[in-house]
Amino acid sequence: MTRSRRLLILAVAVLLLGGVGAALVLHAASRADRPRTGGPAATAGAVTLTAGRDTLTFLGSGQGPHRGALASVPADAPDGTRTVSDLSCQRFHAAAGTGVCLRSSPGALAQDNKAIIVDAELRPVRSFPLAGTPSRARVSPSGRFAAWTVFVSGESYGAAFFSTRTAILDTRTWKLEPNLEEFAITMDGRDHRAQDVNFWGVTFAKDDDTFYATLSTAGETHLVKGSVSRRSVTTLVKNVECPSLSPDETRIAYKKRVRAGASLWREHVMDLGTLRDHPLAEKRSVDDQAAWLDDDTLAYGLPGDDAADRTDLWTVPADGSGTPRLLTSGASSPARLG
């Protein structure tokens, strides 16, 4: 076979492979844009964060054109027809007319990660660059403070090694605390300083100063109580991750590691007065920061049974009774507004 013939065959092979690759990409894209059959009904429309309307907001997590889009339903009809906005996020939370949207978009050299503060009509007010992949987001009950956590390295709290960065933003003054690791830490009555400190999962009290979060150091996690104004935190108890403060501010819902060395958590609720806790009826491993729908009910995300890349929202009573119940499928990042 001559050299020119070999080159011709090689060129044809390259063209054929390129055509096959393009066809696969187009096929995948068409599947991604195709709505899932049998899923909740949805219609494009205006989603607002206005107080006084008892609504449930969440991000769509199913395949199709609404994946990642912020949607809302009446709180008493969570599996009803969804109103879907044109705001897309990886994580979202809202309260009192303020929302925080954590977005990750492909960039020329790396992901373009941003925290976007939106008003009650979902209009962007300000945006802030993120140091890594979005993980957790919370807005204080008054709407004044927003917090977010990103993975600087690693992509899971179950990984052997990961690093996070957690920030708190005052949406009135626009003062940003870019890294909670700079706050003073009191552990067991003593100042604590270490290179391995990580924070994640902020949850706010109503006084616009107090917050709770997870602190990790020396291979252990701690529930901390913090003050934004004093830029300090104090440890309360060990083995607490992704805390969520109840509306009456008497309890913390959180995920508790129940198997050493494995990514297995059990959702618990702790009384802040006694620091006693109890497990909830949900026995599956929950890797989420649960949201309180009211003083008696928690909502959280779990992987969908028939789709590894889909999240479904479930609810369970906060007192440990009852059984888990599917709230709505193909959804994540719930927030009840009312």
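## Salt bridges, sheets and a nonpolar core

In a salt bridge, the side chains of E220 and K238 come together at 3.3 Å, N to O. The model is predicted. This pair links distant parts of the chain: E220 belongs to strand β17 (residues 220-227), K238 to strand β18 (residues 232-238), and 18 residues separate them. E220 is partly exposed, at a relative accessible area of 35%. K238 is also partly exposed, at 46%.

By the rule used here, the structure holds 17 salt bridges. One of them joins D287 and K255, with 2.4 Å from N to O. Again the pair links distant parts of the chain. D287 sits in the loop between β22 (277-279) and β23 (291-294), while K255 sits in strand β20 (residues 251-257), 32 residues apart. How do the two partners differ in exposure? D287 is partly exposed, at 34% relative accessibility. K255 has a relative accessible area of 0%, so K255 counts as buried.

R144 and D170 form another salt bridge, and their closest N and O atoms are 2.8 Å apart. R144 lies in the loop between β9 (133-139) and β10, whereas D170 lies in strand β11, 26 residues apart. R144 is partly exposed, with a relative accessible area of 21%. The cut-off for buried is under 20%. D170 is at 6%, and therefore buried.

Strand β11 spans residues 163-170 and is mostly covered, with six of its eight residues buried. β11 pairs with strand β10 (residues 145-153) through eight bridges, and the two run antiparallel. Within this pairing, R165 in β11 has V150 standing opposite. β11 also pairs with strand β12 (residues 176-177), again in the antiparallel sense, over two bridges. Here I168 stands opposite E177 in β12. Five residues lie between the strands of this hairpin, and W174 takes a positive phi near 65°. E177 also belongs to a network of salt bridges, in which K175, E177, E182 and R231 are linked.

The largest nonpolar core has 17 residues, and I168, F199 and F211 have the most contacts inside it. The elements that give two or more residues to this core are β10, β13 (184-187), β15 (198-204) and β16 (210-217). What does F211 touch beyond its neighbours within four places in sequence? Its contacts include I168, L180, F183, V202, F204, V224, V228 and V233. T203, K225, G226 and S227 are also among them.

Now the sheets. Strands of a sheet pair through backbone hydrogen bonds, either parallel or antiparallel. β1 and strand β4 (residues 82-88) run parallel and are joined by three bridges. A44 has V84 as its bridge partner in β4.

A42 is found in strand β1. With a relative accessible area of 36%, A42 is partly exposed. Leaving out residues up to four places away in sequence, A42 touches H66, T81, R82 and V84. A42 and V73 are 31 residues apart in sequence, and their C-alpha atoms are 9.7 Å apart in space.

Another open sheet has four strands, in the order β5-β6-β7-β8, with antiparallel pairing. β5 (91-95) and β8 (124-129) are the edge strands, and each pairs on one side only. Neighbouring strands of this sheet are turned by 20° against each other on average, direction ignored. Strand β7 (residues 112-118) pairs with β8 in the antiparallel sense over five bridges. In that pairing, F128 in β8 is the bridge partner of A115.

E241 lies in strand β19 (residues 241-245). Is E241 buried or exposed? Its relative accessibility is 2%, so E241 counts as buried. The side chain of E241 makes a polar contact with the side chain of W265, at 2.9 Å.

Methods: Residues numbered from 1 in each chain as written. Predicted model: local features only at pLDDT ≥ 70, side-chain atom pairs only at ≥ 80, totals over all residues. Heavy atoms only, no water. Buried < 20%, exposed > 50% of the residue type's maximum accessible area, 1.4 Å probe, protein only. Polar contact = N/O pair within 3.5 Å; in protein donor to acceptor, adjacent residues only side chain to side chain. Pairing = 2+ DSSP bridges. Axes fitted to C-alpha atoms, helices over the stretch in contact; angles between N-to-C directions. Contact = heavy atoms within 4.5 Å. Core = buried A, V, L, I, M, F, W, Y, C linked by side-chain atoms within 4.5 Å. Salt bridge = Lys/Arg side-chain N within 4 Å of Asp/Glu carboxyl O.
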